[in-house]
Every structure is written in C-alpha cells, then in structure tokens.
Amino acid sequence: MTATADPAARIATPPLPTKVARRQRVRNRNGWAHAILILASLTMIFPFYFTFVLASRTNEDFFASPPKLIPGTHFLDNVRQVFSSIDFFGSMLNTVIVALSVTALVLFFDSLAAFAFAKYDFPAKRALFGLLLLFFMLPAQLSAVPQFITMIHIGWAGSLKALIVPAAANAFGIFWMRQYISGAVPDELLDAATIDGCGFFRQYAYIALPIIRPGLGFLGIYTFVGAWNDFVWPLIVLTNPGHLTLQVALAQLNSVHSTDHNIVMAGSFLAIIPLLIAFLIFARQFVADAVAGAVRG
Amino acid sequence: MSPASSKLLRRARAERPGARRGAVLRAWPQYLAVSPFYLLFAVFGLLPVLFSAWLAFHFWNGLTPVTPAGLQQFKFLADDLVFRRAVVNTLIIWVLATVPMLLISLGLAAALNAVRRFRLFYQIVLFLPSVTSIVAIAIFFKAAFNDQIGLVNVTLRAIGLHGIGWMTEYWPIKILIAALMTWQWVGYNAIIYFAGMQAIPSDIYEAAKIDGAGAFRTFWSVTVPMLRPVLIFTVVISTITGLQSFTEPQVIFSSNAAINPNSGGPGQAGLTMVLYFYQQAFTNNNFGYGAAIAYGVFAIVALFALINWRIVARRES
C-alpha cells in the first residue's frame, strides 16, 4: 500500500524542481484531501458494517432507541433462519454457475470479435461495427417482453440457459476490448506472424491473448459482478420459485420476512460476502486496470 | 514498419482491388470471429425489438388470442396520468441523483489526485459500492430510513429534530432513492475522473502556476476543461442509466399492481418509468401496453441523452 507500489502514483508525480519543494507542497494540500477521503470512506463502509450489526441482533434490538451500533450475538441464529426460509446455497450455486459461464463466454467471444475489429480490415467491417454501437444504445427493457415470450416458446423460461445464452457476447465488452487491443497489441508482431504463415486464430491465441491479459482481467471481473448482481431479467424469466438466483431469492426473502428485519439483513450480508472476498482479492489489479482502460478508451 | 503501412499490408492481403468476392471469402476467420454477437443479438435482441414494435399495436395478456389495437395503446399512454407521474418522478430523481453525484465525484477525484499515501486503499473503498448487490443495499437503505425505527430518524429525534417521512412523503421518497443511487455510483465516477486527471500533462499546470492562477482557479480553468471527454462519458452514462432506474424503488417499495395507489411508495412518489413498465407488463400481463410504455421510455431516454450530449459537447466552443 505504499505510494511507490501504486502504478498510478508513479504517473502522477509532477516534475518539480526539488524533492523538498515537492514534499512541502504535498504536505500543504494533503490535509483537506485526506479529510474528504476518510469521510467518504466511512460513508462507503458504514452500510456494510451496519448491515452486519443488524444481522447479528434480535428483531427487538432493531427497534431499540438509541440504536444499537455494536454487533450482537445472534448472527448464527439469524443465518439459520435465512437457510430455512430460502434455498440459500441452491440459489448461490445457480448464481455461481450463471456468473462463471457468462464470464467465460463473454471473455472468449468479445475478445475474439474485438481482435478482428481492432486489427483486421475486411469488407463491411465499418457497417458491422456501427451496427454494434447502435445495438449498444437500445434499452434492455425494449426487448424484455418478447424475449420472455421467446423463452417460454423454446422452453427455456425458468432455466439458467435463459440467463447464460443471451448474455454470452455483448456490445460493451467488444467495444471496450477493441479500444484496449488497438493500443496494446503491436501491429509489427502480427505482420511478422502473417509473413510466417500464421493464420487469424493462431495469431489470436499465441500473440493477442498473452498480451491482453490485464484487459481481460478487468472485463472478466466487470462481467462477473454484473452477472452476479443481475436482478431484473432473472426476476422476470426465473418462473420457478424453487429455482432462483441469489438476488431474486433475496428479494423473495425480503417480501416473505417483511417484518423480520434481522433475518433480511442476515440474508443480505451473506449475499454480499462472496463478492466482497473476490473483490478484495482482485481489487489491486482491478482498480489499476479500470484506470488504465479509462485513460486508453 | 509504421502502424499505418502495416494496416495497409493486411488490407492488401484481405482485400485485393477488383476481387471483392474473393476478399469476402478470404476474410472468413474474421466473420466467424464477430458472428457470435450478431447471431445472439438477432435472436435475443433484434427479433424481440421488432416483435415489441408489433406488440405495441395489439392487445395481449399472454393467454387469450392477440387482438389488434391500432394506435389505442399509444393514445392511452399519451393520456395516462400515472405514466405522466412516473415520467416526472424519474426526471426529478435523475436530477437529484446525478447533479450532486457528479460534483462530489469531481471533488473526490481532486482529493485522490492530491494525496499519495493510502491512495490505493481509498480507491478500493470508493469502488466497493459499485460492485455491491443493489438488492442487498436497497434493503439496508429501507431499514436505515424507516420512518419510525430507522437509524436516520432515530438519530434526528435524538438530537431534538423531527423525523422525516422518508418512506411516506413526496420529496423525501425521491431524495431517498437519489441518495441510494448517489452512494452506489459516486466512487465509481470519482475513479473515472481521477484516471482522467492522471492523463493531464503536468506542464499545463506549470504554465497556469507561472500565470499566477490559484489552486481553485487552476481546477476550474485547467482540470475541468481538460476532463471534457471523461465528463461527457459520465454524464451520458448517468443519463441513460439514471432515467432507467428500477431496482431501487422496486426493492424499497416492493409492491405489486400498477393500479395499486401505493405502487412505487405512497402516492406513487417513487414510481419510475421502468418500474411502471415492469408492473404493467409482468404483473398485470398487459404485454401490448407494456411494449408501448417501453417505446415511450426509449424515446425519452434517447431525447435526453441527445440533449445532454449537445449541451456538454457545445461547451468546447
């Protein structure tokens, strides 16, 4: 967590006359900035903390005045209640299956298409890419009704296929990867490979893929989080109440236990944990890539 | 070899003059590579959009046969007071959420740019809400802003003030939803702004300093104009997503039928356009009218995205 280990910090270092002058200036403007950032950090973290406080107390504590701000001892009891109300692990397994499948498919299809768009010229390329951007602007709810009807007709309503297949490739990912690949993969390498008789797919697999791994990392986590948190479409298409994803099950828990706040909070807290752990593991890479992608894009 | 000439080389390989059909055939790997998106979109995106357009001119509840409606769905939409209320609600919530959010994001980004210690820690914490489940967080907001027993009102009463009807009154309901949206996306936008600030060449700041500009003046006259591309991106994205807000009111005021006077909260104060669409289409099974609403929403979102684009893009001249 030192400043030198942060790649962004290195870029930021302004070329100043002397080290002393820089340190002086940094110290002068640091106070207000740290104050703002600490306040913001507390605001960002507090809801997570308070969710845990309520999840570890009885429902009576919820009504206590002044409010309880320290965790209690009933967390496991509340968790047990959650497990008996909804199929928590079943819906979590469904969510994991959906999020992993969607992420794997999106990474493959989007990067392959983006590689073709970024590095090759072929007839109708501009028209195809323009079409892609147009699709990007169409709002999702426009297709929600007929998509639901399509799913009923092909017998996918209520099944996880209805969540995975339509999400297997997307305009946002192709657009983002195209920007990334244009800058990251050198043309000279591809030309050399072409002269050596290496075809499109081998160039993708052996030259592009190893280079664009950081870009794939960002797109991967972004897609995984989106699939994990997706709510509206699963709510519509998962018609079987016994076969849900975590987000829909959580909404169900919320409507069943509308007065048992501690149980609902325990369920919310449990649903956040896996993503929180995954995020903290990858955060360093993720934030750095997000910054790199935004600058490049 | 320069990038331009190498691209010409590959173009020459793929597209020899006078042999267009041959070029198309030779580019089969590229077409294969881009095809999954277009196939999936044709089946699950384009077909439904066209079907939606057809559906908007019919009555259908999913069970009885489809009957033609002509322009009746759109006529009804134009006169629908509930839809009008939903449009007004959505616009108010969007302004209440977007304007403070982007200003705070700018401030946070400036702060991030000024510090060196703990910078990565701050970035991670600021990013956290945007990767959090909206359902879980909406449930927290529902609990914390409960009129009688919520932490916020209990605190207000403890310091001698009156509690606020966060879940019952016209403006507080909108502020609550806007606060939730702001909390979730303020850090995300701050990180994007920060990335943009990192890309501003430092000699511009040196020039401003030599010209005698103060810190605040430098920020408004150098940093903000240099951030224009990033600002346009965040404003347009915030407009498109903000005008389609749905999950926040849906989870906070989980209620059902669109005809319910309390859908979207008491007095329908939190009923957004997409929430109304969802209730008409999937709770009332009014698919034809739902499709008409979806096109109404699309028109409004496209209009505002365009207006926004114009306003932000004009600033450069």
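Visitor: Where in chain B does B:Trp60 lie?
Guide: Helices (H or I, at least four residues) and strands (E, at least two) are DSSP runs, numbered from the N terminus. B:Trp60 sits in the loop between strand S1 (58-59) and strand S2 (67-68) of chain B. A caution: this is a predicted model, where local features need pLDDT of at least 70, side-chain atom pairs count only at pLDDT 80 or more, and totals for chains, interfaces and linings use all residues. Residues are numbered from 1 along each chain as its sequence is written, while chains are lettered from A and ligands numbered from 1 in the order in which they are written.

Visitor: Does B:Trp60 count as buried or exposed?
Guide: Buried takes 20 or more other C-beta atoms within 10 Å, exposed 12 or fewer, and partly exposed is in between, with C-beta atoms placed from the backbone. B:Trp60 counts as buried because it has 20 C-beta neighbours inside 10 Å.

Visitor: Which residues does B:Trp60 touch, not counting those up to four places away in sequence?
Guide: Contact is C-beta atoms, placed from the backbone, within 7 Å. B:Trp60 touches B:Leu55, B:Val66, B:Phe287 and B:Gly288. B:Asn286 is 226 residues from B:Trp60 in sequence, yet their C-alpha atoms are 6.3 Å apart.

Visitor: And what about chain B overall?
Guide: Chain B has 15 helices and 2 strands, and 44% of its 317 residues are buried. Of its contacts between residues at least 6 apart in sequence, 67% join residues at least 24 apart.

Methods. Contact = placed C-beta atoms within 7 Å.
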